[in-house]
Every structure is written in C-alpha cells, then in structure tokens.
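Student: I've got a new model open and I'd like to learn how to read it. Can we go through it feature by feature?

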Amino acid sequence: MQAFKPSLLSFLFSLSTPAFSEIERGEVIYKQLCFNCHGVNLDGGIGPSLIDSYWKNGDSYDAIYRSIAKGTTGTEMIAYELVYPEKDLRSLTDFIIGKQEGNRETLRSTYPRDYFKGKRLHPDLFDSIESTSQKKLPENFYYVERMFDGVLRGQSKLFIKSPGKYRLNINGKGRTSIWVNGKEVHYSNDKKPKDTHFDKEFELSSGTHDLEILHEEPTAHSMRFGVRLQKLNGRHWMLTGKSLEGSVPKVVRSGESAKVIRKWIEGLPPRTLLLLLPNKVLLAYDSTSGKIVKGWESAFINQTPSLDSRSQKQSEVKGKELQGIAKTILEGTRFNLLHYETEGDSVKIATLVDGTPKSFRVSPEGGNSYKLTF
Ligand code: HEC
C-alpha cells in the first residue's frame, strides 16, 4: 500500500471541495482514501470490513462517526477529525450507513424466566420488570451466553433498501414473539395451539424500522433457535447466530491431546492440516500430496478471525523450524496420517508409508529440541 500523509491529503481536499450531496461527498472521500484499507467494496483489507455483521466499535450513527473522528489509538485507523471538517465526517458516516442493510444497533436484554410463567409474551410485560443484563451487541444479530436461562428481549433497527413483502423463518423450540414497527408479525410456542400460533407476511418500505424479538428457550442452554428475515424472492438476513466476539485474533497453543487445525498459512498449500502436538511440535501435513511439508518446534498459531464475510487473512505459525535429520525425514516421505497417540511428552503418529503401516514418534530431547524415531 502506498504511504500517505493525512496533512498533505487534507491540503489537497481543501483545494477542491465540490458541491456534492452529503452521501456523494462521503463516497468521493472514501474512494480517495479509505478504500486503501477498507477495500473498494468496503469488504475489508488492512482494516476491517465495513459491511459485515461485526462492528467492533459499534454500528449506530454516533458510533461510526466516533470511529472515524477519533480513530483507534495504536492501530492504522487514525483520528480523521484531524484531517476533515465535521461536515465531511458526517458525509462519510452517511455513506457507510447507506451501505448497510438488515439488522443494526442490536440491544439485548435478559430477564428472569419465572416472571413470564403462564403469561403470553408481549412487549408490555417488560415495563414492570428489571432486566438482569443489558448489552449492545457488536454483531448485527442476537445470541446469548452458554447456559443462559431466562427470557431474551432483542431490540434493533431494521435498515431496508428494497421495499416489498418480507417474512420471518423461525427454527427451534421455545416461545417466540416478534414485532415490527409495533405490530406482532410472528408468535409461536412449543404447543403451537392453532388460535395463537401465527406467522405473517408483512410489508416494509425502504428506510429504518423497529424490530423486537422476545424469546424464551424451553430449557437452559445456549440459544438454539434461529430467526431469518427473508424478502420474498429476495435476499435474507440471519437475525440470530453465534457470537463472533470469540473470533477476534487468538493464539492456538498445544494442549493435552493433539490438535488438528486447518488454517491458511503463508507459503503452505491451501489444504494443509496443522497437527499441533502436546509437545509443541507442529507438523504441516498436505493431505493432497500426503506429505509433511514443514515442521516446527515450540510452536503455536497466531490465528486471525474467520468471520464469514470479513476479509480473510493468513494465520501465522510461530516457532522454530525443525532442522537437520527431522527435516529431511519429514520432507522426503509420503505419509497417510492415520491417528495420533500421546505418551507422556511424546506423540506417536500412526501412518501408512507407501501403503505399509508405520509409526513414528516425536519426543523431546531436552531443551527445545525434538527427536523423530520410526
Ligand atoms: C491505513 C489504514 C486505514 C485507513 C486509511 C482507514 N482506516 Fe478505518 N480502520 C482501520 C483499522 C486497522 C481499523 C480497526 C481499528 C480497531 O481495531 O479499532 C479501522 C476501523 C474503522 C472503523 C470501525 C469499524 C468497526 O468494526 O467498528 C470505521 C467505521 C472506519 N475504520 C472507517 C474509515 C473511514 C471512513 C476511513 C477514511 C476516512 C478509514 N476508515 C480509513 C484502518 C484504516
């Protein structure tokens, strides 16, 4: 990427400020500068995607404005209030918001289950009870923690670009009541009595709508119910899902048993399996050629997040590459890996070599050095 100096840029922009509408002005600035890191289509690069379902710093108008104006210290996202006047920051915010569609600004509140016993789920019920927790979720969909036991109330904005008929698809058990712009569009419970269970098609104009999801799981466990908003004959959005917060970069370290991980690592074939052994030896096994293509000791993996629509980046192996005899043996032989067994600090790996079963052992030799025996 080309290096640039914000001060120089702001100087250039101040020379030529055309009289565009807000959004167009935002688009012009985006295409001159922001695309370098966030991608021409806003789908990410060095910086995160600005159209996926995860917003680290919030997805409300104010939150996005703040992200642009203040930046994030210690990252490549500088405070653009030092570069642009407020008007331009607002245009940028309008431009980014205009690219969003579906659920936004998700607020999740939880309530004790008991209070709702025998009562039909309805937004009015929540006026006279305290929530046990309330959280703005960084994702554009709802989820609860594992072993959650209670009633979920989700409130959000639905941002619709293409007007028309919509419907909800609901999977899973429990009681669910869903409201759009103050009208109930879905109600179901496990007994599904005909007089109360219903599922309506509804009309949405382009613009912002209020969405409310009330849900009680039948038993305490992570939410297994799924809600999907579907435009008839059109695209759809998942309104519930699993938290992506755990998907921020993390380190995979060796554990008590061998771990098999598939990650995209620079310089390795795309279908490489990584075997992270309990003794911190990491073997990269290419299942297509049947070869161990590389080995490391004292290894761990720096994993990048793998969000569905977020830019995919390579993960990184940290460790010391295996040298000498181990390297020669590993790289010269064609294996079919069968299984692994842990014996103390060593790991026995069962393989087929040219069709003949053979196993080899990776054991510590003292210090950070490992021995491979067949
Ligand atoms: C040099 C690279 C770079 C440039 C140029 C850049 N950004 Fe960023 N941007 C980042 C990075 C990295 C982050 C993540 C910061 C963090 O972790 O909080 C980010 C974060 C953001 C976020 C918050 C995303 C979230 O998930 O909450 C927004 C909004 C954003 N940038 C908008 C812009 C706009 C608008 C511009 C142009 C004025 C711009 N960026 C220019 C690198 C860049």
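Tutor: Helices (H or I, at least four residues) and strands (E, at least two) are DSSP runs, numbered from the N terminus. Here, β16 pairs with strand β17 (residues 316-321) in the antiparallel sense, over five bridges. Across that pairing, Phe300 sits opposite Lys318 in β17.

Student: Before we go on, what kind of model is this, and how is the numbering done?

Tutor: It's a predicted model, where local features need pLDDT of at least 70 and side-chain atom pairs count only at pLDDT 80 or more, while totals for chains, interfaces and linings use all residues. Residues are numbered from 1 along each chain as its sequence is written.

Student: Which strand does β15 (residues 282-286) pair with?

Tutor: With β16 (residues 291-303), running antiparallel and joined by five bridges. One of the partners to look for is Lys291 in β16, across from Asp286.

Student: How many helices and strands does the protein chain have?

Tutor: Five helices and 21 strands.

Student: How do I read the strand order of a sheet?

Tutor: Seven strands make an open sheet, ordered β2-β1-β3-β9-β5-β6-β7, with antiparallel pairing. β2 (133-136) and β7 (198-199) each have a single partner strand, so one side of each has no neighbour in the sheet. Inside it, β1 (residues 102-111) and β3 (residues 151-160) run antiparallel and share eight bridges. Tyr111 has Val151 of β3 as its bridge partner. As a general idea, side chains in a regular strand alternate between the two faces of the sheet.

Student: What is the order of the open sheet of four strands?

Tutor: β8-β4-β10-β11, with antiparallel pairing. At its edges, β8 (202-204) and β11 (236-238) each pair on one side only. From one strand to the next, the twist averages 30 degrees. β4 (residues 164-171) and β10 (residues 226-231) are antiparallel partners over six bridges, and Arg167 faces Gln230 in β10.

Student: Now the helices. At what angle do α2 and α4 pack?

Tutor: About 90 degrees, with their axes 7 Å apart. Axes are lines fitted to C-alpha atoms, for helices over the stretch in contact, and angles run from 0 to 180 degrees between N-to-C directions. Angles of 65 to 115 degrees count as roughly perpendicular, so α2 and α4 are roughly perpendicular to each other. Residues are in contact if their C-beta atoms, placed from the backbone, lie within 7 Å. Those making this contact include Glu22, Arg25 and Tyr30 of α2 and Asp88, Leu92 and Phe95 of α4.

Student: Which residues come nearest to the ligand?

Tutor: Cys34, Cys37, Gly47, Thr72 and Met77, out of the 22 residues around the ligand. Near means that the C-beta atom, placed from the backbone, lies within 6 Å. α2 (22-38), α3 (61-70) and α4 (86-98) each supply at least two residues of that shell, and α2 gives the most, with five.

How values were computed
Angles under 35 degrees count as roughly parallel, over 145 as roughly antiparallel, 65 to 115 as roughly perpendicular and the rest as oblique. Two residues are in contact if their C-beta atoms, placed from the backbone, lie within 7 Å. Two strands pair if DSSP finds at least two bridges between them.
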